[in-house]
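Let's walk through this one together, chain by chain and then across the interface. Keep the viewer open as you read.

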Amino acid sequence: MPWQNNEDGDGTGGDNGGEKRNPWSQSGGNPSGQQGKRGNEGKGDAPKAAGPRNPWGDAPRPRGPNGDDRPKSSGAPDFDEFIRRSQEKLRGLGGGQGPGGGGGGGRGRPNIPWGLIAGGLVVILLATTSAYQVGAGERAVVTRFGQFNVTNGPGFHLKLPAPIDQVTKIQFEDIRTDLIGTADGDAENLMITGDGNVINIAYAVRWRIRNAEDFLFQVADPSATVRDATESAMREVVGRSTLNNAIGPERASIAEQVRERVQEILDSYGAGVLIQGVDINKADPPGAVDEAFKDVSAAQQDAQQFLNQARAYAQQISAQAAGATASFDKVFEQYRLAPEVTRKRMYLETMESVLGKVDKTVIEAPGVQAYLPLPELRRTPAPAPEAGAAR
Amino acid sequence: MTQRNLIFGGAVLALLLLLLAVSVVRVPEDRQAIILQLGRPVATVNTWQPKQAFGETGAGLVLKTPFVQNTVFIDKRIMSLDIPPQTVLSTDQLRLVVDAFARFRIVNPVRMYETVRTEERLAEELSRILSSRIRNELGAQRFDLLLSPERGRSMDNIQDAVNRSALAYGAEIIDVRIKRADLPPGTPLEAAFERMRTARQQEALTIRANGAKEAQIIRAEADAQAARVYAESFGKDPEFYSFYRAMEAYRKTFNQGNSSVVLSPSNEFLREFQGRRGG
C-alpha cells in the first residue's frame, strides 16, 4: 500500500523534522492533500521521494508480487543521486514556508513554487515509469508509440518513460487448460462418428503461449480461437473414425491427431500458441444406448463361458476314453495269452459277484411255469452311466 | 517576475503539447488507421501485409494536419465470425445441425470503412453471407458425405464463395471450419440411438450364437476323438470286447442287489450245477 509507505516516509520525515521540514513531508502530513495531487499524476509511487530513505529502493514494489529487492540495486545510483539532488533543491525552496505547517499545499499562497512542484512531479513520473519488473514466467512486450519494440523475459528492465514506451505483461509460461464437454454429470457432448453413430465425448486441450507478440497482436481473443480450433479438429478426426475405434483402441491416436491438427490451424493463423496436448477424458456411447453396449460385453462373457464349459466336457470325455481303453488294453493283453481260461474266469467272477447279491430262482425243467413272487420283484431302471460308457 | 515568466512558459508549453497531441496519431500494433481529411480518406497507416514482422510494420507515431484530418482505427487482428447453428437438409432429406465459424481479417480498411463503417457491422454482414453459403453448399450433399472427410472440399468451396463476397467489404476470410455437426434433437437423434441399439443387440446375439457354435464344435470334436480312441483299442478284438463290456455292464446293472433273477439250468453259469450230464 502506497499510503502505508507514505506513513513510513512521514515517520522518518519526523525524525528529520528537527532540522527542517520539507514541503513533501508537510503535504505528507495531510494525506488528503497529497492524495489529491497524486491522483493527478495517476501514480502511487510518488511518496517514495518524501523520506530521506532511498526512494528507489521502494519504487518498483507495487509492480511485482514478489518484492525481490536485489535487482533494484542495479542501475539505481544514478537515479538515486538525481532524485536526492532535486529533493535538496526542493527543500531549499520550500524552507521559506516551513511555518505553514499542516495547512499544506492546498492553500493558494503566492510564494509556493508551483512550477518546481510540477517539475518535480514530472521527474518522479518519469523516474517511476522508466523501469519495470517482470515476474517469473512472465514476458513483457514493450511498444514504443504503439509499435512493437522488444519482448523481455523475467527480471528488472529500464524503458523510456510512460507515454513513449508501454509495457504489456502476459503470463507466458502458464499452461492453460480448456475443458470441452464434462467428464462427469448428465450433460452430454454428443459427436457423430464417421459411421453415423453418436458418441459422448469430453476432452481438454492444454496450451501455452509460444510467441508473446503474436499472441497479443495477431489474433483477437486467442483463447476462444484455441477452443474453436480444438472443437473443429476433434470433429474432423472423430468424423473420420468409427464408433468402435473412437470409444476403444484409437482414443490415444485420435488425441494425438487432434493435437497436430489444432497446431496446424493455429499456426496458419499465426496465433503464437503452442498446443501441449489434447486429452480425451471420456469417449463413451451416449446414455440412451449404454445398456445395449453393456449387453455386448455381457454377450462376450457368455460366449467365453460356453467355450469354457465345452472345453471342460472335452477334457472329461477324452480322459474317460483314455481310461477305459487303457484298462481294456491291459486286460486284452493278458487275454491273448490264455483266451479260454481268462474268458471263463472273468465270466464266472462276474456272475459270482452279480448273482451273489440278487434273489435267484432256478427253474429246473423247461416248460414249467414259474409264478414269481411279484411283490419282491422290484425292477430297477437301467443305470444311466452305462449309456455314457457305451459310447 | 520569475513567477510570471514561469506561468507564461508553462502556458506556451501546454499549448505546444496540445498542438502536438492533435497533430500526432499513435497507431498501435494491432490496429490499422485511416486518415480522413474532412471525411475523405486520404491515407492508411499500418495496413496488414503478409509476412510482416511486428516492429517493422507501420505502427507508431504518424503526423497529421490538426483539425482538418481525423483518424479512424480499424482492427488489424484476425477476428472471429461465429454464426448461429444452421439446420442443413441433405439431398437425401436428413437434417443436420451445423455450427460453423470463420476467421477473417480486414485487408482493405478504406473499403471496409466505406461500405460498413464498423467491425461489428462487417461481422454481421459476413455471418449472413456465411450462413446462407453453408446452407446452400452443404444442402447439396448427401448425408454420409456431410459426415465424411470429403467435407473438406465443400468447406473450401464455402470459403472461396464467402471470400469473393467479403472482398467487396475489404475483408478476407482466412478459414471456415465446422465446430459441431449434430443430429437435431428429437426424432432424428432418437432414430440414430435406436439404430445404434439394434446394431448392438445384433452384435450381442451374434457373439452369443458364435460362442454356442464354437462350444458345440469343441464337444463334437472331443466326442469324435474319444470314439476314435475307443475304436482303435476295442477294434483289436471285437468279440472279446463285447464279452468284456457285457461283464462290466452286468456288474453295474445288478450292483444294487435288489433284483430277482430267474435262471434256467442250461445257463452257462449253472453248467456245472447238475454235475456232469452225459455230455
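In chain A, 68% of the contacts with a separation of 6 or more are between residues 24 or more positions apart. Keep in mind that what you're looking at is a predicted model. Chain A has 391 residues, and 30% of them are buried.

Chain B can be described in the same terms. It has 279 residues, of which 27% count as buried, and its secondary structure comes to seven helices and ten strands. Among its contacts with a separation of 6 or more, 69% link residues 24 or more positions apart.

Now zoom in on helix 7 of chain A, which runs over residues 114-128. From the first C-alpha to the last, its 15 residues reach 21 Å, close to the 21 Å expected at 1.5 Å a residue. Which residues of helix 7 of chain A are buried? They are G120(A), I124(A), A127(A) and T128(A). Those four span an arc of only 90 degrees around the axis, so they sit on the same side of helix 7 of chain A. The background here is simple: an α-helix has 3.6 residues a turn, so residues three or four places apart point the same way.

Three strands make up an open sheet in the order 3-2-5, with antiparallel pairing. Strand 3 (147-152) and strand 5 (165-171) of chain A are at the edges and have a single partner strand each, so one side of each has no neighbour in the sheet. From one strand to the next, the twist averages 25 degrees.

Strands 2 and 3 of chain A form a hairpin with two residues between them. In that turn, F145(A) has a positive phi of about 50 degrees.

Finally, let's bring the two chains together. How many residues of chain A are in contact with chain B? The count is 87 residues of chain A, in contact with 86 residues of chain B. Helix 12 of chain A (residues 290-337) gives the most to the chain A side, with 28 residues. By residue type, the side of chain A that touches chain B divides into 44 nonpolar, 23 polar and 20 charged.

There's strand pairing between the chains as well. Strand 10 of chain A (residues 359-362) is joined to strand 10 of chain B (residues 260-263) by four bridges, and these two strands run parallel. To find the spot in your viewer, look for D359(A), which stands opposite S260(B) in strand 10 of chain B. As a reminder, strands of a sheet pair through backbone hydrogen bonds, either parallel or antiparallel.

Note on methods
Residues are numbered from 1 along each chain as its sequence is written. Chains are lettered from A and ligands numbered from 1 in the order in which they are written. This is a predicted model: local features need pLDDT of at least 70, side-chain atom pairs count only at pLDDT 80 or more; totals for chains, interfaces and linings use all residues. The expected span of a helix is 1.5 Å times one less than its number of residues. A residue is buried if 20 or more other C-beta atoms lie within 10 Å of its own, exposed if 12 or fewer, and partly exposed in between; C-beta atoms are placed from the backbone. The arc is that of the directions from the helix axis to the C-beta atoms. Two strands pair if DSSP finds at least two bridges between them. Axes are lines fitted to C-alpha atoms, for helices over the stretch in contact, and angles run from 0 to 180 degrees between N-to-C directions. Two residues are in contact if their C-beta atoms, placed from the backbone, lie within 7 Å. Ala, Val, Leu, Ile, Met, Phe, Trp, Tyr, Cys and Pro count as nonpolar, Asp, Glu, Lys and Arg as charged, and the others, Gly among them, as polar.
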